[in-house]
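We'll take a walk through the fold, from the overall layout down to a few individual side chains.

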Amino acid sequence: MAKKNARSQEEVKSEMDMSPMIDCCFLLLMFFIVNAAQITVSKDPSVNMPNAVSASEMKDANGCIVVNVFADPDVMGAKSGKALEKYNQTYPSGTIWGVADGSGASIGYTKSQSQELTDFINKQREAMEGKGIKPEMIRLYLRGDADAPWERSSGAIRAAAAAKVTNIVFGTLPAK
């Protein structure tokens, strides 16, 4: 009988310690959180995007160069005073295209600065290619105000084409 009691005590002591496995899981979780790229699309509240009849949500924002196309300030002021106030605080007078560089700063371009917009898009494209993003995956994400004239969107598309970005995504809101 003594041998049975000794053996059952050994079996009780042979439980697996789970703390090293839990530590390993937490370390892996921390590794993936730290190394995950923050992918966001900068949304300017000054842009009143149009509603689309059939729209799908963009799943992957990786490789997007965001350009906001603004309406005339008097049209923005008639709809929402807050949008015009934010626009006036962020951009210089006459801005029709707004972009955000990687640091979170907003840059505004006027109609006469289309070459500067092309240079910005080109720099963004080169930086993305340097990060290993394939050229065909780099897209211009055009967030146009519903009341902006088409010529402004067309100018942003021409600037992207001159910068060798030919994949265009039009930002819209889903139908209400």
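Predicted model: local features only at pLDDT ≥ 70, side-chain atom pairs only at ≥ 80, totals over all residues.

The protein has 6 helices and 7 strands, and from the N terminus on they run α-α-β-β-α-α-β-β-α-β-α-β-β. Of the 176 residues, 31% are buried. If you look at contacts with a separation of 6 or more, 67% of them are between residues 24 or more positions apart. The accessible surface comes to about 12000 Å², and carbon and sulfur atoms account for 56% of that.

Now for the inside. The largest nonpolar core has 21 residues, and those with the most contacts inside it are Ile 65, Val 67, Trp 97, Leu 117, Ile 121, Leu 140 and Val 165. Which elements give two or more residues to this core? They are β2 (64–69), β3 (97–100), α5 (114–130), β5 (139–144) and α6 (150–162), with α5 giving the largest share at 4 residues.

Arg 152, Ser 153, Ser 154, Gly 155, Ala 156, Ala 159 and Ala 160 are its buried residues, and they pack against β2, β3, α5, β5 and β6 (167–170). Take Ala 160 from that list: with a relative accessible area of 0%, Ala 160 is buried. Setting aside neighbours within four places in sequence, Ala 160 is in contact with Ile 121, Leu 140, Val 165 and Ile 168. From Ala 160 to Arg 139 is 21 residues in sequence and 9.0 Å in space, C-alpha to C-alpha. After α6 comes Lys 164, with a positive phi near 65°.

On to the charged side chains, where the count comes to 2 salt bridges. In one of them, Arg 152 pairs with Asp 72, and the closest N and O atoms are 2.5 Å apart. Arg 152 sits in helix α6 and Asp 72 in the loop between β2 and α3 (73–79), so this pair ties together parts that are 80 residues apart in sequence. Arg 152 counts as buried at 15% relative accessibility, while Asp 72 is partly exposed at 31%.

The salt bridge between Glu 129 and Arg 125 has an N to O distance of 3.2 Å. Why are these two separated by about one helical turn? Because Glu 129 and Arg 125 are 4 residues apart in helix α5. An α-helix has 3.6 residues a turn, so residues three or four places apart point the same way. Here Arg 125 counts as buried at 10% relative accessibility, and Glu 129 is partly exposed at 32%.

Met 16, Met 18, Met 21, Ile 22, Phe 26, Leu 29 and Ile 33 make a nonpolar surface patch of about 750 Å². One of them, Ile 22, is found in helix α2 (residues 19–35), and Ile 22 is partly exposed with a relative accessible area of 42%.

Terms used:
Residues numbered from 1 in each chain as written. Heavy atoms only, no water. Patch = residues over 30% accessible without salt bridge, like charges linked within 9 Å, V, L, I, M, F, W, Y side chains within 5 Å. Areas by Shrake-Rupley, 256 points an atom, 1.4 Å probe, with all protein chains shown as cover. Salt bridge = Lys/Arg side-chain N within 4 Å of Asp/Glu carboxyl O. Buried < 20%, exposed > 50% of the residue type's maximum accessible area, 1.4 Å probe, protein only. Core = buried A, V, L, I, M, F, W, Y, C linked by side-chain atoms within 4.5 Å. Contact = heavy atoms within 4.5 Å.
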